[in-house]
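Subject: Structure handover

Hello,

Here is the structure for you to look over. My notes follow below it.

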Amino acid sequence: MKNATTIPVLALLILPAIASGQDAAKPRPDAPSTQTISAGSRGSTELGQVEADPPPSSAGIDPVAPRSPAVRIGINFEDKVHYYFAETYFNPGALTAPAFRAGLRVANPPGKGATQYPSEWRQGAEAFGRNYGDAVAERLSFQTARFATGVITREDPRYVPASSRSVFARSIHAISFSFVDHSNSGHPMPAISNFVGAAAGGFVGNAYLPTGFNDVTHAGQRATLRFGFAAAGNLFREFAPQMPGPMRTFFMLIAR
């Protein structure tokens, strides 16, 4: 549990610092460019035409390529299905992130002495396979419960980046978005799907984890950790455009 907690904690601490070092060199993706400013001099008719053209319904669905809030309002069921499959299955992190977590768990099993994981959960290839399966099950439970809840509550699963340039304000926005996100129509609402998804991810382990780790207390701890991963994921999406490419890819592979 201690090593698994390290991932979201590190993300909460270092992602804003990385982005602040990159902000001076790279503009925000939704910041006005010189071309946009010069467009105003060509007359209000042409500019009004550009603003009137609506984006396609699937705009901004890429979970790791956030768009400006202006083009993200409105999402339908098809878009939600697309987002769910892209985030849950159709990305390299679907295989590598559970493997990374399983390796950490085998290297440092939870508990000590009599309360430690049994040998089949902490030694050899069998232990890695068990922990890998646990990580996959927790991840799929979180994403699936989050998707189903979002459909029922009409909640938009996509992250909306902050409009501020301040690293501190952007960090607060990313973390708070884990608690209050947007509805299908773009209005703020409680992030019910995050809480339900975290609970599902935490309690799924009670069906197969060894004795002593399949109780309500440990399920609550796993649910809290899963919610922390959701907050860290929002931080990643907020600062990913300013991160160096190799580092962005690394985080996508180990924590997505």
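Start with the bridge between Asp 156 and His 182, its partner in strand 2. Strands here are DSSP E runs of at least two residues, and helices are H or I runs of at least four, all numbered from the N terminus.

Before you go further: this is a predicted model, where local features need pLDDT of at least 70, side-chain atom pairs count only at pLDDT 80 or more, and totals for chains, interfaces and linings use all residues. Residues are numbered from 1 along each chain as its sequence is written, and side-chain values use heavy atoms, with hydrogens and water left out.

The sheet pairing
Strand 1 covers residues 155-156, and strand 2 covers residues 180-183. They pair antiparallel over two bridges. Two strands count as paired if DSSP finds at least two bridges between them. Strand 3, residues 188-190, also pairs antiparallel with strand 2, over three bridges. One link there joins Val 180 to Pro 190. Strands 2 and 3 form a hairpin with four residues between them. Gly 186 sits in that turn, with a positive phi of about 95°.

The whole chain
The protein chain has 10 helices and three strands. Their order is α-α-α-α-α-α-β-α-β-β-α-α-α. Of its 256 residues, 40% are buried (under 20% relative accessible area, 1.4 Å probe, protein chains only). Among contacts (heavy atoms within 4.5 Å) with a separation of 6 or more, 73% join residues 24 or more positions apart. The accessible surface (Shrake-Rupley method, 1.4 Å probe) is about 12,800 Å². Carbon and sulfur atoms account for 65% of that surface.

Best wishes

Terms used:
Buried means under 20% relative accessible area, exposed over 50%, partly exposed in between (1.4 Å probe, protein chains only).
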